[in-house]
Amino acid sequence: MKVKNILISQTPPADFEKSPYAELKRKYSINIDFYKFFKMETVTAVDFRKSKVSILDHQAIIFSSKNTIDHFFALCKEMRLEMPEAMKYFCMTDAVAFYLQKYIQFRKRKIFSAKENSAASFHELLMKNKDLNMLIPCGQEGVHPNLLAFLDEKGLKYDAAQVFNTFYADLAHDVDIAKYDMIVMFSPNGVKSLQANFPDFQQGEVAFGALGITSASAIEEAGWTAHVVAPTKEFPSITDALDAFLKEHATRRR
């Protein structure tokens with residue numbers, strides 16, 4: 001497996017030359033393209049109220065991604081809701097927990113994340129708080145099946161609340177997918193967008209990278225293999241993980 005062309009399923013950094021991706025490009029003489037696989041829009045307060053879910057009836061909120069956090073608090077702002085001091089927040093990764101502090105003052109709230117950034121560790125965390133009524137903000141496709149199965153099996157109290165809509169990009173028209181030796185995913189929606197746009201796509205020798213537990217799981221559920229996964233203890237960022245992978249698989253190494 002040799003990698004020359006990489007597709008990052010995100011918008012490009014504001015200053016690419018100062019980003020870690022630019023260093024990877026220089027270091028391994030590779031080509032890196034950026035293309036957002038989908039876009040999300042916060043649901044309106046009017047549509048949210050139709051769900052009959054009351055945010056403040058819950059004692060805890062589960063967050064799986066930074067995007068979900070943004071849309072949840074955008075909705076709360078529109079609805080003029082303030083989170084109570086006693087609300088607890090459970091985040092699937094340390095990165096998500098850290099990002100949550102953009103909206104929540106850490107010392108005044110209770111923010112928790114899985115110790116090992118793994119599904120098993122996150123499930124253990126939830127079981128320690130099994131008496132709480134939990135709210136799970138999500139998109140129109142609902143809660144991730146693995147998490148949903150765990151919650152139902154253990155009998156935990158929860159409600160799912162759609163806080164954003166997802167619209168897939170027209171990849172088939174704009175992207176020459178056959179050009180790329182590696183595709184890096186940042187959410188399950190990116191995986192689903194790839195499937196929707198290229199229903200006959202076969203992984204073959206294409207390498208996949210994944211940021212986060214849910215992204216890696218979505219790649220596997222699609223029948224593909226994730227060769228690079230972050231964050232981990234060894235590779236705290238996706239670019240760190242890519243660096244290690246490219247040392248062995250880039251077509252040209254300096």
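Predicted model: local features only at pLDDT ≥ 70, side-chain atom pairs only at ≥ 80, totals over all residues.
A residue counts as buried when its relative accessible area is under 20%, and as exposed when that area is over 50%.

**Backbone features**

Ser29, at 13% relative accessibility, falls under the 20% limit and therefore counts as buried. Ser29 is placed in the loop between helix 1 (20–28) and strand 2 (31–34), and its phi is near 50 degrees, a positive value in a residue other than glycine. Lys52 also has a positive phi, near 65 degrees, and is likewise a residue other than glycine; its loop runs between helix 2 (45–49) and strand 4 (60–63). Because its relative accessibility of 75% is over 50%, Lys52 counts as exposed. The table sets out the two residues.

| Residue | Phi | Relative accessibility |
|---|---|---|
| Ser29 | near 50 degrees | 13%, buried |
| Lys52 | near 65 degrees | 75%, exposed |

A further backbone feature is the cis peptide bond that joins Ala230 and Pro231, with omega at about 0 degrees. Pro231 belongs to the loop between strand 12 (226–230) and helix 10 (238–249). As background to these cases, most residues other than glycine have a negative phi, and most peptide bonds are trans.

**Surroundings of Phe122**

Phe122 sits in helix 5, which spans residues 119–127, and with a relative accessibility of 2% it counts as buried. When residues up to four places away in sequence are not counted, Phe122 touches Ile62, Phe90, Cys91, Met92, Ala114 and Leu147.

**The chain as a whole**

The protein contains 10 helices and 12 strands. Its radius of gyration is 19 Å, close to the 18 Å given by the globule rule for 254 residues, so the protein is as compact as a globular protein of that length. Taken along the principal axes, the box filled by the C-alpha atoms is roughly 55 × 35 × 35 Å. Among contacts with a separation of 6 or more, 72% are made by residues 24 or more positions apart.

Of the 254 residues, 49% count as buried, while the protein exposes about 13300 Å², of which carbon and sulfur atoms supply 49%. The charged side chains comprise 32 positive and 31 negative ones, and the centres of the two sets lie 6 Å apart.

Methods:
Residues numbered from 1 in each chain as written. Heavy atoms only, no water. Helix = DSSP H or I, 4+ residues; strand = E, 2+ residues; numbered from the N terminus. Buried < 20%, exposed > 50% of the residue type's maximum accessible area, 1.4 Å probe, protein only. Contact = heavy atoms within 4.5 Å. Rg over C-alpha atoms; globule rule 2.2 N^0.38 Å. Areas by Shrake-Rupley, 256 points an atom, 1.4 Å probe, with all protein chains shown as cover. Lys, Arg positive; Asp, Glu negative; His and termini not counted. Charge placed at Lys NZ, Arg CZ, Asp CG, Glu CD.
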